[in-house]
Protein chains: 2
Amino acid sequence: MATNFDNYFKSAFTVDNVIFGFDEGDLKVLLIKRGEEPHIGEWALPGYFVKTEEDLDAAAKRVLSELTGLTNVYLEQVHAFGSVNRHAFGRVITVSYFSLIKIDNYIIQPSSIALQAQWHTVNDLQHLAFDHDTILESCLQRLKWLVKTRPVGFELLPPKFTLTELQHLYEAILRSPLDKRNFRKKILSMNLLVDCDETQEGVAHRPAKLYKFDRKRYNKLVEQGFNFELKETPIKKKTSAELSN
Amino acid sequence: MATNFDNYFKSAFTVDNVIFGFDEGDLKVLLIKRGEEPHIGEWALPGYFVKTEEDLDAAAKRVLSELTGLTNVYLEQVHAFGSVNRHAFGRVITVSYFSLIKIDNYIIQPSSIALQAQWHTVNDLQHLAFDHDTILESCLQRLKWLVKTRPVGFELLPPKFTLTELQHLYEAILRSPLDKRNFRKKILSMNLLVDCDETQEGVAHRPAKLYKFDRKRYNKLVEQGFNFELKETPIKKKTSAELSN
DNA sequence: TTGGTTAGTGCATTTTTTACACTAATTACC
DNA sequence: GGTAATTAGTGTAAAAAATGCACTAACCAA
(Lines give C-alpha, C1' and ligand atoms only; values in the text may rest on other atoms or scores of the structure.)
Protein backbone atom coordinates (compact mmCIF):
# COMPACT_ATOMS: atom_id res chain seq x y z
CA MET A 1 0.00 0.00 0.00
CA ALA A 2 1.08 3.58 -0.67
CA THR A 3 2.88 5.41 2.05
CA ASN A 4 2.68 8.80 0.37
CA PHE A 5 -0.79 9.98 1.22
CA ASP A 6 -0.48 13.11 -0.93
CA ASN A 7 -1.36 11.01 -3.95
CA TYR A 8 -4.83 10.52 -2.60
CA PHE A 9 -5.55 14.23 -2.11
CA LYS A 10 -6.17 14.99 -5.77
CA SER A 11 -9.88 14.49 -6.10
CA ALA A 12 -12.90 16.75 -5.94
CA PHE A 13 -16.44 16.45 -4.64
CA THR A 14 -19.57 17.93 -5.95
CA VAL A 15 -23.09 17.95 -4.63
CA ASP A 16 -26.13 17.62 -6.85
CA ASN A 17 -29.55 18.62 -5.62
CA VAL A 18 -32.76 17.01 -6.72
CA ILE A 19 -35.51 19.43 -5.76
CA PHE A 20 -39.02 18.16 -6.27
CA GLY A 21 -42.14 20.26 -6.53
CA PHE A 22 -45.72 19.63 -7.48
CA ASP A 23 -47.84 21.80 -9.73
CA GLU A 24 -50.87 21.31 -11.92
CA GLY A 25 -51.04 17.65 -11.05
CA ASP A 26 -47.49 16.92 -12.15
CA LEU A 27 -44.36 16.09 -10.24
CA LYS A 28 -41.66 18.62 -11.12
CA VAL A 29 -37.92 18.82 -10.69
CA LEU A 30 -35.81 21.95 -10.61
CA LEU A 31 -33.09 22.06 -13.28
CA ILE A 32 -30.51 24.59 -14.40
CA LYS A 33 -29.19 25.26 -17.84
CA ARG A 34 -25.43 25.11 -17.45
CA GLY A 35 -23.45 28.25 -18.28
CA GLU A 36 -20.02 26.66 -17.84
CA GLU A 37 -18.02 23.83 -19.31
CA PRO A 38 -18.32 20.94 -19.21
CA HIS A 39 -21.77 20.28 -20.66
CA ILE A 40 -22.37 23.98 -21.25
CA GLY A 41 -25.91 24.72 -22.41
CA GLU A 42 -27.30 21.37 -21.23
CA TRP A 43 -29.93 20.93 -18.56
CA ALA A 44 -28.57 19.57 -15.31
CA LEU A 45 -29.34 19.17 -11.64
CA PRO A 46 -28.25 22.23 -9.66
CA GLY A 47 -24.86 21.14 -8.34
CA TYR A 48 -21.33 22.40 -7.91
CA PHE A 49 -18.00 21.75 -6.26
CA VAL A 50 -17.70 21.42 -2.51
CA LYS A 51 -15.10 23.73 -0.99
CA THR A 52 -12.38 22.01 0.96
CA GLU A 53 -13.21 23.95 4.09
CA GLU A 54 -16.96 23.36 4.20
CA ASP A 55 -19.11 20.49 5.41
CA LEU A 56 -20.81 18.37 2.80
CA ASP A 57 -24.32 19.13 3.97
CA ALA A 58 -23.58 22.84 4.14
CA ALA A 59 -22.18 22.76 0.63
CA ALA A 60 -25.41 21.28 -0.70
CA LYS A 61 -27.35 24.20 0.80
CA ARG A 62 -24.93 26.83 -0.40
CA VAL A 63 -24.77 25.50 -3.94
CA LEU A 64 -28.52 25.28 -4.19
CA SER A 65 -28.84 28.82 -2.96
CA GLU A 66 -26.19 30.19 -5.31
CA LEU A 67 -27.56 28.49 -8.37
CA THR A 68 -31.26 28.98 -7.87
CA GLY A 69 -31.75 31.52 -5.11
CA LEU A 70 -33.49 28.97 -2.89
CA THR A 71 -32.62 29.21 0.80
CA ASN A 72 -33.79 27.47 3.95
CA VAL A 73 -34.52 24.27 2.08
CA TYR A 74 -34.30 21.01 3.99
CA LEU A 75 -31.97 18.67 2.14
CA GLU A 76 -31.52 14.97 2.70
CA GLN A 77 -28.58 12.97 1.42
CA VAL A 78 -29.36 10.13 -0.96
CA HIS A 79 -26.33 8.53 -2.56
CA ALA A 80 -22.70 9.01 -3.58
CA PHE A 81 -21.84 8.44 -7.23
CA GLY A 82 -18.24 7.53 -7.76
CA SER A 83 -17.52 6.12 -11.19
CA VAL A 84 -14.11 7.06 -12.50
CA ASN A 85 -15.06 8.93 -15.63
CA ARG A 86 -18.03 10.94 -14.50
CA HIS A 87 -16.41 14.31 -15.07
CA ALA A 88 -14.17 15.72 -17.80
CA PHE A 89 -11.93 17.71 -15.44
CA GLY A 90 -10.70 14.93 -13.21
CA ARG A 91 -11.81 12.55 -10.52
CA VAL A 92 -15.07 13.87 -9.13
CA ILE A 93 -17.40 12.08 -6.78
CA THR A 94 -20.83 13.58 -6.38
CA VAL A 95 -23.18 13.24 -3.48
CA SER A 96 -26.84 13.70 -4.27
CA TYR A 97 -29.35 15.43 -2.04
CA PHE A 98 -33.04 15.68 -2.38
CA SER A 99 -35.79 17.88 -1.11
CA LEU A 100 -39.49 18.54 -1.43
CA ILE A 101 -40.67 22.12 -1.60
CA LYS A 102 -43.81 24.12 -2.18
CA ILE A 103 -43.22 25.73 -5.52
CA ASP A 104 -45.20 28.86 -4.67
CA ASN A 105 -43.06 29.64 -1.63
CA TYR A 106 -39.86 30.15 -3.53
CA ILE A 107 -38.74 32.59 -6.15
CA ILE A 108 -36.09 31.18 -8.38
CA GLN A 109 -33.21 33.45 -9.36
CA PRO A 110 -30.53 31.75 -11.41
CA SER A 111 -26.96 32.89 -10.78
CA SER A 112 -24.25 33.68 -13.30
CA ILE A 113 -23.15 30.11 -13.81
CA ALA A 114 -26.71 28.97 -14.34
CA LEU A 115 -28.17 30.48 -17.47
CA GLN A 116 -31.64 29.51 -16.32
CA ALA A 117 -33.27 27.65 -13.47
CA GLN A 118 -36.61 26.12 -14.29
CA TRP A 119 -39.14 23.58 -13.12
CA HIS A 120 -39.49 20.60 -15.45
CA THR A 121 -42.16 17.94 -15.43
CA VAL A 122 -40.47 14.71 -14.37
CA ASN A 123 -42.43 12.55 -16.79
CA ASP A 124 -41.39 14.69 -19.69
CA LEU A 125 -37.63 15.09 -19.51
CA GLN A 126 -34.87 15.12 -22.08
CA HIS A 127 -31.43 13.70 -21.38
CA LEU A 128 -29.55 15.55 -18.64
CA ALA A 129 -25.87 16.45 -18.35
CA PHE A 130 -23.27 14.12 -16.73
CA ASP A 131 -24.94 11.07 -15.18
CA HIS A 132 -27.77 13.17 -13.82
CA ASP A 133 -30.40 10.89 -15.33
CA THR A 134 -29.19 8.15 -13.02
CA ILE A 135 -29.03 10.48 -10.05
CA LEU A 136 -32.55 11.73 -10.64
CA GLU A 137 -33.85 8.21 -10.99
CA SER A 138 -32.38 7.16 -7.66
CA CYS A 139 -34.03 10.14 -5.99
CA LEU A 140 -37.36 9.23 -7.56
CA GLN A 141 -37.03 5.80 -6.01
CA ARG A 142 -36.24 7.39 -2.67
CA LEU A 143 -39.29 9.61 -2.96
CA LYS A 144 -41.50 6.66 -3.79
CA TRP A 145 -40.24 4.86 -0.73
CA LEU A 146 -40.54 7.94 1.45
CA VAL A 147 -44.13 8.62 0.53
CA LYS A 148 -45.06 5.17 1.77
CA THR A 149 -43.32 5.75 5.06
CA ARG A 150 -43.90 9.36 6.02
CA PRO A 151 -46.69 11.77 5.11
CA VAL A 152 -44.32 13.72 2.89
CA GLY A 153 -47.07 14.81 0.57
CA PHE A 154 -47.69 17.86 2.68
CA GLU A 155 -44.25 19.22 1.98
CA LEU A 156 -45.12 19.66 -1.66
CA LEU A 157 -48.53 21.29 -1.39
CA PRO A 158 -49.51 24.86 -0.57
CA PRO A 159 -50.51 25.52 3.07
CA LYS A 160 -54.17 24.92 2.31
CA PHE A 161 -55.15 22.10 0.02
CA THR A 162 -58.01 19.75 -0.78
CA LEU A 163 -58.03 16.01 -0.23
CA THR A 164 -58.27 15.47 -3.97
CA GLU A 165 -55.11 17.50 -4.53
CA LEU A 166 -53.33 15.43 -1.91
CA GLN A 167 -54.53 12.24 -3.52
CA HIS A 168 -53.36 13.34 -6.95
CA LEU A 169 -49.94 14.07 -5.51
CA TYR A 170 -49.70 10.60 -4.05
CA GLU A 171 -50.80 9.13 -7.34
CA ALA A 172 -48.17 11.11 -9.22
CA ILE A 173 -45.41 9.89 -6.94
CA LEU A 174 -46.56 6.28 -6.78
CA ARG A 175 -47.51 6.27 -10.44
CA SER A 176 -50.71 4.39 -9.77
CA PRO A 177 -54.31 5.26 -8.98
CA LEU A 178 -55.75 5.12 -5.48
CA ASP A 179 -59.25 4.47 -4.24
CA LYS A 180 -60.83 7.76 -3.16
CA ARG A 181 -62.73 6.53 -0.13
CA ASN A 182 -59.95 4.37 1.22
CA PHE A 183 -57.38 7.09 0.69
CA ARG A 184 -59.45 9.61 2.62
CA LYS A 185 -60.17 7.18 5.40
CA LYS A 186 -56.52 6.40 5.89
CA ILE A 187 -55.25 9.95 5.68
CA LEU A 188 -57.90 11.32 8.00
CA SER A 189 -57.37 8.54 10.52
CA MET A 190 -53.81 9.80 11.03
CA ASN A 191 -55.27 12.99 12.51
CA LEU A 192 -52.68 15.09 10.75
CA LEU A 193 -55.07 17.33 8.88
CA VAL A 194 -56.93 20.30 10.25
CA ASP A 195 -60.16 21.39 8.63
CA CYS A 196 -59.72 25.07 7.71
CA ASP A 197 -63.50 25.65 7.64
CA GLU A 198 -63.04 27.09 4.20
CA THR A 199 -63.85 25.86 0.75
CA GLN A 200 -62.34 26.25 -2.67
CA GLU A 201 -63.40 29.29 -4.65
CA GLY A 202 -63.79 29.87 -8.36
CA VAL A 203 -64.38 26.29 -9.41
CA ALA A 204 -67.28 25.30 -11.65
CA HIS A 205 -68.42 22.42 -9.46
CA ARG A 206 -69.01 21.57 -5.85
CA PRO A 207 -66.16 23.27 -3.97
CA ALA A 208 -63.94 21.08 -1.83
CA LYS A 209 -63.06 21.65 1.78
CA LEU A 210 -59.60 23.03 2.49
CA TYR A 211 -57.30 21.35 4.97
CA LYS A 212 -53.93 22.20 6.40
CA PHE A 213 -51.19 20.01 7.78
CA ASP A 214 -50.81 19.92 11.55
CA ARG A 215 -47.05 19.95 11.98
CA LYS A 216 -47.20 20.07 15.76
CA ARG A 217 -49.17 16.89 15.87
CA TYR A 218 -46.87 15.33 13.31
CA ASN A 219 -43.85 16.08 15.48
CA LYS A 220 -45.58 14.64 18.49
CA LEU A 221 -46.39 11.41 16.69
CA VAL A 222 -42.83 11.11 15.34
CA GLU A 223 -41.57 11.48 18.89
CA GLN A 224 -43.85 8.67 20.01
CA GLY A 225 -42.59 6.41 17.23
CA PHE A 226 -45.87 6.35 15.35
CA ASN A 227 -45.86 4.38 12.14
CA PHE A 228 -47.09 6.53 9.25
CA GLU A 229 -46.98 3.80 6.70
CA LEU A 230 -49.39 4.33 3.87
CA LYS A 231 -49.79 1.36 1.60
CA GLU A 232 -50.81 1.46 -1.98
CA THR A 233 -54.33 0.29 -2.47
CA PRO A 234 -54.65 0.04 -6.23
CA ILE A 235 -53.39 -3.18 -7.76
CA LYS A 236 -54.35 -6.30 -5.95
CA LYS A 237 -51.20 -7.98 -4.71
CA LYS A 238 -50.77 -11.70 -5.06
CA THR A 239 -50.06 -13.70 -1.95
CA SER A 240 -47.02 -15.92 -1.76
CA ALA A 241 -49.31 -18.95 -1.99
CA GLU A 242 -50.64 -17.82 -5.36
CA LEU A 243 -47.10 -17.35 -6.58
CA SER A 244 -46.00 -20.81 -5.49
CA ASN A 245 -46.10 -22.66 -8.78
CA MET B 1 -17.58 31.54 -7.93
CA ALA B 2 -14.07 30.29 -8.53
CA THR B 3 -12.90 29.89 -12.07
CA ASN B 4 -9.77 27.96 -11.17
CA PHE B 5 -11.08 24.45 -10.71
CA ASP B 6 -7.73 23.16 -9.54
CA ASN B 7 -8.51 24.43 -6.07
CA TYR B 8 -11.24 21.87 -5.77
CA PHE B 9 -9.04 18.91 -6.64
CA LYS B 10 -7.29 18.71 -3.29
CA SER B 11 -9.49 16.29 -1.37
CA ALA B 12 -9.43 12.58 -0.74
CA PHE B 13 -12.05 9.86 -0.39
CA THR B 14 -12.05 6.84 1.77
CA VAL B 15 -14.44 3.95 2.04
CA ASP B 16 -15.37 2.33 5.34
CA ASN B 17 -16.92 -1.10 5.44
CA VAL B 18 -19.36 -2.24 8.08
CA ILE B 19 -19.39 -6.02 7.87
CA PHE B 20 -21.98 -7.71 10.02
CA GLY B 21 -21.96 -11.32 11.11
CA PHE B 22 -23.90 -13.39 13.59
CA ASP B 23 -22.48 -15.89 16.04
CA GLU B 24 -23.53 -17.39 19.34
CA GLY B 25 -26.68 -15.35 19.38
CA ASP B 26 -24.92 -12.02 19.03
CA LEU B 27 -24.69 -9.55 16.19
CA LYS B 28 -21.03 -8.98 15.35
CA VAL B 29 -19.09 -6.41 13.37
CA LEU B 30 -15.67 -6.86 11.81
CA LEU B 31 -13.07 -4.36 13.05
CA ILE B 32 -9.38 -3.84 12.47
CA LYS B 33 -6.76 -2.57 14.86
CA ARG B 34 -5.05 0.24 13.00
CA GLY B 35 -1.33 -0.13 12.29
CA GLU B 36 -0.90 3.35 10.79
CA GLU B 37 -1.35 6.93 11.84
CA PRO B 38 -3.70 8.54 12.46
CA HIS B 39 -5.40 6.68 15.29
CA ILE B 40 -2.73 3.99 15.33
CA GLY B 41 -3.58 1.12 17.68
CA GLU B 42 -7.28 1.99 17.85
CA TRP B 43 -10.09 -0.24 16.65
CA ALA B 44 -11.71 0.99 13.47
CA LEU B 45 -13.91 -0.07 10.61
CA PRO B 46 -11.91 -1.60 7.78
CA GLY B 47 -11.48 1.35 5.43
CA TYR B 48 -8.84 3.06 3.34
CA PHE B 49 -8.27 5.63 0.63
CA VAL B 50 -9.90 5.32 -2.76
CA LYS B 51 -7.45 5.46 -5.65
CA THR B 52 -8.10 8.22 -8.14
CA GLU B 53 -8.38 5.74 -10.97
CA GLU B 54 -10.84 3.29 -9.42
CA ASP B 55 -14.61 3.26 -9.02
CA LEU B 56 -15.99 3.89 -5.58
CA ASP B 57 -17.76 0.54 -5.34
CA ALA B 58 -14.66 -1.30 -6.55
CA ALA B 59 -12.55 0.50 -3.98
CA ALA B 60 -14.79 -0.69 -1.18
CA LYS B 61 -14.27 -4.29 -2.29
CA ARG B 62 -10.54 -3.93 -2.75
CA VAL B 63 -9.99 -2.24 0.60
CA LEU B 64 -12.00 -4.85 2.42
CA SER B 65 -10.05 -7.59 0.74
CA GLU B 66 -6.67 -6.02 1.46
CA LEU B 67 -7.38 -5.33 5.10
CA THR B 68 -9.17 -8.50 6.07
CA GLY B 69 -8.69 -11.05 3.32
CA LEU B 70 -12.43 -11.16 2.59
CA THR B 71 -13.28 -11.42 -1.09
CA ASN B 72 -16.50 -11.82 -3.06
CA VAL B 73 -18.50 -9.95 -0.47
CA TYR B 74 -21.60 -8.11 -1.60
CA LEU B 75 -21.37 -4.50 -0.45
CA GLU B 76 -24.12 -1.94 -0.39
CA GLN B 77 -23.52 1.78 -0.08
CA VAL B 78 -25.06 3.50 2.91
CA HIS B 79 -24.02 7.10 3.41
CA ALA B 80 -21.34 9.71 2.73
CA PHE B 81 -19.81 11.44 5.75
CA GLY B 82 -18.37 14.82 4.92
CA SER B 83 -17.65 16.94 7.96
CA VAL B 84 -14.61 19.16 7.54
CA ASN B 85 -12.39 17.88 10.33
CA ARG B 86 -12.95 14.16 10.14
CA HIS B 87 -9.34 13.35 9.31
CA ALA B 88 -6.00 14.68 10.55
CA PHE B 89 -4.31 14.60 7.14
CA GLY B 90 -6.65 16.85 5.19
CA ARG B 91 -10.10 16.96 3.72
CA VAL B 92 -11.42 13.42 3.56
CA ILE B 93 -14.93 12.34 2.79
CA THR B 94 -15.79 8.75 3.54
CA VAL B 95 -18.47 6.64 1.98
CA SER B 96 -19.74 3.78 4.10
CA TYR B 97 -20.68 0.36 2.79
CA PHE B 98 -22.29 -2.49 4.60
CA SER B 99 -22.60 -6.20 4.16
CA LEU B 100 -23.94 -9.30 5.82
CA ILE B 101 -21.83 -12.44 5.76
CA LYS B 102 -21.75 -15.92 7.19
CA ILE B 103 -18.85 -15.81 9.60
CA ASP B 104 -17.91 -19.46 9.07
CA ASN B 105 -17.46 -19.02 5.34
CA TYR B 106 -14.63 -16.53 5.55
CA ILE B 107 -11.15 -16.71 6.92
CA ILE B 108 -9.89 -13.39 8.11
CA GLN B 109 -6.29 -12.48 7.32
CA PRO B 110 -5.25 -9.02 8.43
CA SER B 111 -2.75 -7.22 6.20
CA SER B 112 0.28 -5.17 7.13
CA ILE B 113 -1.60 -1.98 7.83
CA ALA B 114 -4.12 -3.79 9.98
CA LEU B 115 -2.48 -5.22 13.06
CA GLN B 116 -5.50 -7.41 13.66
CA ALA B 117 -8.92 -8.04 12.17
CA GLN B 118 -11.47 -9.39 14.57
CA TRP B 119 -15.18 -9.88 15.10
CA HIS B 120 -16.63 -7.75 17.88
CA THR B 121 -20.02 -8.06 19.51
CA VAL B 122 -21.97 -4.96 18.51
CA ASN B 123 -23.60 -4.52 21.90
CA ASP B 124 -20.26 -4.54 23.63
CA LEU B 125 -18.07 -2.03 21.83
CA GLN B 126 -15.54 0.53 22.99
CA HIS B 127 -15.08 3.84 21.21
CA LEU B 128 -13.86 3.50 17.63
CA ALA B 129 -11.35 5.59 15.68
CA PHE B 130 -12.38 8.66 13.65
CA ASP B 131 -16.18 9.09 13.56
CA HIS B 132 -16.67 5.37 13.11
CA ASP B 133 -19.12 5.17 15.99
CA THR B 134 -21.48 7.34 13.96
CA ILE B 135 -20.87 5.38 10.78
CA LEU B 136 -21.56 2.08 12.51
CA GLU B 137 -24.73 3.43 14.07
CA SER B 138 -26.09 4.50 10.70
CA CYS B 139 -25.43 1.04 9.30
CA LEU B 140 -27.21 -0.53 12.26
CA GLN B 141 -30.23 1.60 11.41
CA ARG B 142 -30.00 0.48 7.81
CA LEU B 143 -29.85 -3.15 8.88
CA LYS B 144 -32.85 -2.73 11.13
CA TRP B 145 -34.78 -1.27 8.23
CA LEU B 146 -33.56 -3.91 5.81
CA VAL B 147 -34.56 -6.82 7.98
CA LYS B 148 -38.13 -5.56 7.98
CA THR B 149 -38.16 -5.34 4.21
CA ARG B 150 -36.18 -8.29 2.90
CA PRO B 151 -35.48 -11.70 4.38
CA VAL B 152 -31.84 -10.75 4.97
CA GLY B 153 -31.53 -13.01 7.96
CA PHE B 154 -30.47 -15.84 5.74
CA GLU B 155 -27.34 -14.01 4.66
CA LEU B 156 -25.97 -14.18 8.17
CA LEU B 157 -26.68 -17.80 9.02
CA PRO B 158 -24.88 -20.99 8.01
CA PRO B 159 -26.43 -22.93 5.11
CA LYS B 160 -28.51 -25.07 7.43
CA PHE B 161 -30.15 -23.50 10.43
CA THR B 162 -33.06 -23.94 12.81
CA LEU B 163 -36.08 -21.68 13.07
CA THR B 164 -35.05 -20.72 16.57
CA GLU B 165 -31.65 -19.57 15.34
CA LEU B 166 -33.33 -17.49 12.68
CA GLN B 167 -35.66 -15.97 15.24
CA HIS B 168 -32.78 -15.11 17.57
CA LEU B 169 -31.05 -13.37 14.70
CA TYR B 170 -34.11 -11.26 13.99
CA GLU B 171 -34.40 -10.44 17.67
CA ALA B 172 -30.75 -9.39 17.82
CA ILE B 173 -31.17 -7.04 14.89
CA LEU B 174 -34.50 -5.62 15.96
CA ARG B 175 -33.49 -5.56 19.60
CA SER B 176 -36.85 -6.83 20.72
CA PRO B 177 -38.42 -10.21 21.38
CA LEU B 178 -40.73 -11.89 18.90
CA ASP B 179 -43.58 -14.33 19.41
CA LYS B 180 -42.43 -17.82 18.45
CA ARG B 181 -45.62 -19.06 16.83
CA ASN B 182 -46.29 -15.90 14.90
CA PHE B 183 -42.71 -15.65 13.75
CA ARG B 184 -42.73 -19.21 12.40
CA LYS B 185 -46.07 -18.76 10.74
CA LYS B 186 -44.93 -15.67 8.89
CA ILE B 187 -41.52 -16.96 7.85
CA LEU B 188 -42.89 -20.29 6.65
CA SER B 189 -45.73 -18.64 4.75
CA MET B 190 -43.13 -16.94 2.54
CA ASN B 191 -42.14 -20.37 1.24
CA LEU B 192 -38.50 -19.43 1.28
CA LEU B 193 -37.33 -22.25 3.51
CA VAL B 194 -36.70 -25.82 2.49
CA ASP B 195 -36.89 -28.55 5.07
CA CYS B 196 -33.57 -30.42 4.96
CA ASP B 197 -35.07 -33.57 6.53
CA GLU B 198 -32.34 -33.41 9.10
CA THR B 199 -32.24 -32.49 12.73
CA GLN B 200 -29.71 -30.92 15.03
CA GLU B 201 -27.19 -33.23 16.65
CA GLY B 202 -25.41 -33.09 19.95
CA VAL B 203 -27.91 -30.97 21.82
CA ALA B 204 -29.22 -31.93 25.24
CA HIS B 205 -32.87 -31.42 24.37
CA ARG B 206 -35.34 -32.12 21.61
CA PRO B 207 -33.40 -31.54 18.38
CA ALA B 208 -34.74 -28.95 16.00
CA LYS B 209 -35.38 -29.42 12.30
CA LEU B 210 -32.85 -27.91 9.95
CA TYR B 211 -33.91 -25.66 7.12
CA LYS B 212 -32.11 -24.03 4.26
CA PHE B 213 -32.85 -20.87 2.34
CA ASP B 214 -34.30 -21.31 -1.15
CA ARG B 215 -32.46 -18.65 -3.10
CA LYS B 216 -33.99 -19.66 -6.41
CA ARG B 217 -37.46 -19.08 -5.05
CA TYR B 218 -36.32 -15.85 -3.47
CA ASN B 219 -35.08 -14.55 -6.81
CA LYS B 220 -38.32 -15.56 -8.45
CA LEU B 221 -40.38 -13.69 -5.87
CA VAL B 222 -38.18 -10.59 -6.15
CA GLU B 223 -38.73 -10.67 -9.90
CA GLN B 224 -42.46 -10.78 -9.36
CA GLY B 225 -42.34 -7.82 -7.00
CA PHE B 226 -43.34 -9.82 -3.95
CA ASN B 227 -43.46 -7.86 -0.72
CA PHE B 228 -41.30 -9.52 1.93
CA GLU B 229 -42.19 -7.15 4.68
CA LEU B 230 -41.88 -8.68 8.10
CA LYS B 231 -43.33 -6.58 10.85
CA GLU B 232 -42.31 -6.68 14.42
CA THR B 233 -44.82 -8.42 16.59
CA PRO B 234 -43.59 -7.75 20.11
CA ILE B 235 -44.63 -4.45 21.60
CA LYS B 236 -48.22 -3.55 21.09
CA LYS B 237 -48.38 -0.44 18.95
CA LYS B 238 -50.80 2.29 19.81
CA THR B 239 -53.26 3.38 17.18
CA SER B 240 -53.40 6.98 16.07
CA ALA B 241 -56.75 7.30 17.86
CA GLU B 242 -55.17 6.36 21.19
CA LEU B 243 -52.47 8.94 20.64
CA SER B 244 -54.93 11.72 19.91
CA ASN B 245 -55.00 13.48 23.26
C1' DT C 1 -83.98 24.37 -14.72
C1' DT C 2 -81.08 21.22 -16.47
C1' DG C 3 -76.60 19.20 -17.48
C1' DG C 4 -71.87 18.93 -16.32
C1' DT C 5 -68.49 18.34 -12.94
C1' DT C 6 -66.14 17.19 -8.83
C1' DA C 7 -66.88 16.43 -3.56
C1' DG C 8 -68.10 13.56 -0.20
C1' DT C 9 -69.71 9.50 2.27
C1' DG C 10 -70.55 3.66 4.60
C1' DC C 11 -70.69 -0.88 4.83
C1' DA C 12 -69.87 -5.74 4.29
C1' DT C 13 -66.19 -9.03 3.25
C1' DT C 14 -61.70 -10.64 3.40
C1' DT C 15 -57.20 -10.67 5.09
C1' DT C 16 -53.84 -9.91 8.48
C1' DT C 17 -52.36 -9.44 13.03
C1' DT C 18 -52.32 -10.51 17.58
C1' DA C 19 -52.37 -13.01 22.01
C1' DC C 20 -51.82 -17.03 24.15
C1' DA C 21 -50.28 -22.55 26.60
C1' DC C 22 -49.70 -26.99 26.10
C1' DT C 23 -47.42 -31.52 24.31
C1' DA C 24 -43.14 -33.74 22.13
C1' DA C 25 -38.40 -35.20 21.85
C1' DT C 26 -34.14 -35.56 23.46
C1' DT C 27 -30.08 -35.68 27.06
C1' DA C 28 -28.13 -35.73 31.71
C1' DC C 29 -28.18 -37.18 36.04
C1' DC C 30 -29.41 -39.94 39.82
C1' DG D 1 -34.27 -47.15 34.12
C1' DG D 2 -36.73 -43.34 35.63
C1' DT D 3 -37.15 -38.62 36.11
C1' DA D 4 -35.84 -33.80 35.68
C1' DA D 5 -34.32 -30.33 32.58
C1' DT D 6 -34.42 -28.17 28.28
C1' DT D 7 -35.85 -26.62 23.92
C1' DA D 8 -39.02 -27.79 19.69
C1' DG D 9 -43.16 -27.60 17.81
C1' DT D 10 -48.09 -26.66 17.14
C1' DG D 11 -53.66 -24.04 16.56
C1' DT D 12 -57.27 -21.11 17.36
C1' DA D 13 -60.19 -17.35 18.40
C1' DA D 14 -60.64 -12.36 18.58
C1' DA D 15 -59.40 -7.88 16.93
C1' DA D 16 -57.76 -4.84 13.56
C1' DA D 17 -56.83 -3.49 8.97
C1' DA D 18 -57.48 -3.65 4.11
C1' DT D 19 -60.35 -3.99 0.31
C1' DG D 20 -64.03 -3.29 -3.12
C1' DC D 21 -67.67 -0.82 -4.44
C1' DA D 22 -71.90 3.32 -6.05
C1' DC D 23 -74.64 6.68 -4.85
C1' DT D 24 -75.99 11.61 -3.23
C1' DA D 25 -74.42 16.66 -2.62
C1' DA D 26 -73.03 21.14 -4.07
C1' DC D 27 -71.79 24.30 -7.17
C1' DC D 28 -71.51 26.73 -11.95
C1' DA D 29 -72.71 27.47 -16.73
C1' DA D 30 -75.58 27.54 -20.37
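Guide: Start with the surface near DNA strand D, which by class has five nonpolar, six polar and twelve charged residues. The model is predicted, so local features need pLDDT of at least 70 and side-chain atom pairs count only at pLDDT 80 or more, while totals for chains, interfaces and linings use all residues. Residues are numbered from 1 along each chain as its sequence is written, chains are lettered from A and ligands numbered from 1 in the order in which they are written, and side-chain values use heavy atoms, with hydrogens and water left out.

Visitor: What makes a residue near a strand, and what makes it nonpolar, polar or charged?

Guide: Near means that one of the residue's heavy atoms lies within 4 Å of the molecule or strand. Ala, Val, Leu, Ile, Met, Phe, Trp, Tyr, Cys and Pro count as nonpolar, Asp, Glu, Lys and Arg as charged, and the others, Gly among them, as polar.

Visitor: Which residues come closest to DNA strand D?

Guide: Of the 23 residues that surround DNA strand D, the closest are A:R206, A:P207, B:T164, B:K180 and B:K209.

Visitor: Why do A:R181 and DNA strand D count as having a polar contact?

Guide: A polar contact is a pair of N or O atoms within 3.5 Å; within protein, one must be able to donate a hydrogen and the other to accept it, and residues adjacent in sequence count only if both atoms are side-chain atoms. A polar side-chain atom of A:R181 is 3.2 Å from a base nitrogen of DNA strand D, so the pair meets the cut-off. In chain B, a backbone N or O atom of B:K209 lies 2.7 Å from a phosphate oxygen of DNA strand D.

Visitor: Which elements give two or more residues to this surface?

Guide: They are helix 5 of chain A and helix 5 of chain B. Helix 5 of chain B gives the most, with four residues. Helices (H or I, at least four residues) and strands (E, at least two) are DSSP runs, numbered from the N terminus.

Visitor: What is found around DNA strand C?

Guide: There are 23 residues around DNA strand C, and A:T164, A:K180, A:H205, A:K209 and B:R206 come nearest. Sugar and phosphate make up 42% of the atoms of DNA strand C within 4 Å of the protein. Helix 5 of chain A gives the most to the surface near DNA strand C, with four residues.

Visitor: Why is A:I173 called buried?

Guide: Buried means under 20% relative accessible area, exposed over 50%, and partly exposed in between (1.4 Å probe, protein chains only). A:I173 has 5%, so the label buried applies. A:I173 sits in helix 4 (residues 163–174) of chain A. Apart from neighbours within four places in sequence, A:I173 is in contact (heavy atoms within 4.5 Å) with A:L27, A:L143, A:K144, A:V147 and A:L156.

Visitor: What makes B:R175 exposed, and what is B:N191 called?

Guide: The relative accessible area of B:R175 is 52%, so B:R175 is exposed. B:N191 has 33% and is therefore partly exposed. B:R175 lies in the loop between helix 4 and helix 5 of chain B, and B:N191 in the loop between helix 5 and strand 8 (193–199) of that chain. Phi of B:R175 is near 55 degrees, a positive value in a residue other than glycine; phi of B:N191 is also positive, about 55 degrees, and B:N191 is not a glycine.

Visitor: How do you know what length to expect for helix 2 of chain B?

Guide: The expected span of a helix is 1.5 Å times one less than its number of residues. Helix 2 (residues 132–147) of chain B has 16 residues and should span 22 Å; its end C-alpha atoms are 22 Å apart, so the two agree.

Visitor: Where on helix 2 of chain B do its buried residues lie?

Guide: The buried residues include B:I135, B:L136, B:C139 and B:L143. Seen down the axis, the buried residues fall within an arc of 165 degrees (taken from the directions from the helix axis to the C-beta atoms), so they line one face of helix 2 of chain B. Their cover includes strand 1 (12–23) and helix 4 (163–174) of chain B.
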